[in-house]
Amino acid sequence: MLRVVLFAFALMLVPKGVFAATAHGYLGVFGGALLMDGMEAERARPLIYTLGYRMSSLWAFQFEYSDAKAFRGTVKKGDDNKPYPHDIKYTTSGAYLMFIRPMGSWVDVNLKYGYVQVDYSFDELSEDSAKERFSFSGESYGGGITLKMTNSLVLTLDYTQLKADAAQLSAGVEFDL
């Protein structure tokens, strides 16, 4: 948490000339997939919403929320590491600072760094050890490629590393507000 506060303070020291006239808000909707060690989750298909503010041609701040409908999966638990089937549901919420690198008039590449909260719920669990094992909060990072379709509509492919053994892949559209 201290790193996030120091990072936000350092941003305030950036000269105001860096924040150009390209400032605008945007809203995005994405479909995704969860990749996680220890959980067979190939059917985890979250719907991801983004709300962001592009401060300049190089910097943006973005909030993300994802929600995966309940899906049938297996969770490895216990000393025997045996997989047990469960209905699994998860949500994430995060805040990211994004660095954007224009690669021409139609394509941008971005890197993001921020904080994420991930919550899992499992049916039929008599103990919360699996929920505690998979649910977490902490630093997160990722990147993506944006293809500009019009001045106010872009297609985006995104990768987010949630923690060492969990990642989320997504693709969707973003609209300028």
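Both Lys 112 and Asp 158 are buried, where buried means under 20% relative accessible area, exposed over 50% and partly exposed in between, with a 1.4 Å probe and protein chains only. The model is predicted, so that local features need pLDDT of at least 70 and side-chain atom pairs count only at pLDDT 80 or more, while totals for chains, interfaces and linings use all residues. Residues are numbered from 1 along each chain as its sequence is written, and side-chain values use heavy atoms, with hydrogens and water left out.

The structure holds 5 salt bridges, a salt bridge being a side-chain nitrogen of Lys or Arg within 4 Å of a carboxyl oxygen of Asp or Glu. Among them are the following pairs.

| Pair | N to O distance |
|---|---|
| Glu 64 and Lys 112 | 2.6 Å |
| Asp 108 and Lys 148 | 3.3 Å |
| Lys 112 and Asp 158 | 2.9 Å |

The side chains of Lys 112 and Asp 158 meet in a salt bridge, and this pair links distant parts of the chain, with Lys 112 in strand β6 and Asp 158 in strand β8 (residues 153–163), 46 residues apart; strands are DSSP runs (E, at least two residues), numbered from the N terminus.

Asp 108 is buried at 2%, whereas Lys 148 counts as partly exposed at 22%. Arg 54, Asp 108 and Lys 148 are linked in a network of salt bridges.

Key
Helices (H or I, at least four residues) and strands (E, at least two) are DSSP runs, numbered from the N terminus.
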